[in-house]
Amino acid sequence: MRRNHRKLPIPTLSGSKELIVESLKLPKDTMLGASIVTVTGNREAFIENYKGILEYTKESIVLQGKNCKICFEGRQLAIDYYTNEDMKISGSIEAVRYV
Amino acid sequence: MLHWVQYIRGYVKIRVWGYSTERLLNLCGNHDILVWDIVNHGDHDTMKISVRGFFALKPLLKKTGTRAAVLQKYGLPFFMSKMQKRKMFVAGLLGCLLFWVIMAGYIWNIEIEGNYVLTEDVLMDYLDEKGVHVAMKKSRLQIEGLEKALREDHDIITWTSVQVKGTTLLIHIKENEMPDYEQNMQQAQEDGIDLIATRPGTVSYIITRSGVPQVALGDTVEKGDVLVSGAVPVYNEDTTVRKYQFVQSDADILLRYTESLSVKRDILYDEKLYSGRQKEMITLGVNDKEWDIRFGKVPYEQYDISGEKKQVRLLDRLYLPFFYGRKTIQEYEIVRKKHTADEMNNIMQEEWRKIIASLDEKGVQITEKNVTIKKYDDNWVLNARMQLEEAAVESAPTEVEPVAQEEASEEENAE
């Protein structure tokens, strides 16, 4: 995989990078730094691939992704656990916005 | 699983407040410090963090300008230190655990199933002899050996199964339905068996199936006389005995004899007349000693004491040497009374019935009887003269004088 990667020309445009990742069927989260958000009902959210927390209150949690910010809005929001790789948010989630 | 690891390692609930708790969370993530159950309370956050993580938190707190305080401690390390202050409680807990573990290593109940002829008492005594009893160690129990011993020591037992279920020793046995027959057959092949009289009398009936009858109908025999011999003689031509063949004698024989007996019953009798006044008392006992607990002395001149005692027991079969019970003291007066003629008649009838029943039980038949009741002023006497028939016969090994060796040798020479 790595050998193949080296042979390719270094992409300059994000569009071309996406094309390569798509055509080689590489995992998008690692290659593009995309965050994965799994929401179960409106009670739980499971987030992977982020950089850190920007804001944390009961009503909103703002996370810093690689390309954008992810904003969870709701009531009684709490962080079940928080590590470098993943985190879990519980509470009544009303909106997920990408800023 | 994760919960258990967290519990064993110990964790604390902390309160974090200050400039930016978000930054602290990010730093925790970067330093691989796991935090969970993070709840925002407006001006401060609470979160849970492992003990090790809490100690690594200090430089991060300084860097972010936040402060932290422990609210509550969870987990085994904290529990242990708490328990150190309650040594007796922990000792009791461990003692209890130890008690059950040790007690589970003993037999506390013995159950026997499948026994009809052999009573439970007999088998229990036998097990006791073998060292198998309640409160014995399970490890000392040799199940295979016990099964084998049960079969070998009791001919009647044909199959055994011994198993331990919890603290109960279960013994299943199967009994042979015809033990005597087989035993006798075995013996018959080796030795002859005679039938001998067990009491004096006259032979009134004899039918021999095997063996040589030594008596005829009408003969008078004494106790111990051989009635049927198990040695069947084989004769030489000159009618001398050459040798004996031994068989197991079998015959129906009845011996007739007369017996007389008399029963005397007084007309006057004492009767206890209970006054109805009674007292109760509690009785306690240890081993053979007994103590009655009552208030004051017994205020009666003549009294009966009746009651029941119970033995203290643990589980089903483990008896402790303590007794408890209740006794009743009943006052009575002795009154002299006289039976009426009707009552006396009934009493005598009852006596006669008892005599017949006891003979019947022994398998004795009455062939002739002469019963008279004499009525005197102060007592009645029942006289019975009976002719009885009884199969008064028992088996005994045949004893024969050995055939003279000379005769046998002569015989051989002649041949």
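Two residues are in contact if their C-beta atoms, placed from the backbone, lie within 7 Å. With that in hand, 67% of the contacts in chain B between residues at least 6 apart in sequence join residues at least 24 apart. This is a predicted model, in which local features need pLDDT of at least 70 and side-chain atom pairs count only at pLDDT 80 or more, while totals for chains, interfaces and linings use all residues. Residues are numbered from 1 along each chain as its sequence is written, and chains are lettered from A in the order in which they are written.

**Chain B**
- Chain B holds 11 helices and 22 strands (DSSP runs: H or I of at least four residues for helices, E of at least two for strands, numbered from the N terminus).
- Of its 415 residues, 15% count as buried (20 or more other C-beta atoms within 10 Å of the residue's own; exposed means 12 or fewer, and partly exposed in between).

**Where the chains meet**
- Here 14 residues of chain A are in contact with 15 residues of chain B.
- On the chain A side, strands S3 (52-56) and S5 (69-82) each give two or more residues.
- S5(A) pairs with strand S2 (residues 35-40) of chain B in the antiparallel sense, over 4 bridges (pairing takes at least two DSSP bridges).
- In this pairing, A:Tyr82 stands opposite B:Val35.

**The core**
- The largest nonpolar core has 29 residues, and A:Tyr82 and B:Val35 are among those with the most contacts inside it (a core is a set of buried Ala, Val, Leu, Ile, Met, Phe, Trp, Tyr and Cys residues joined through C-beta atoms within 7 Å).
- Beyond four places in sequence, the contacts of B:Val35 include A:Tyr81, B:Leu25 and B:Ile49.
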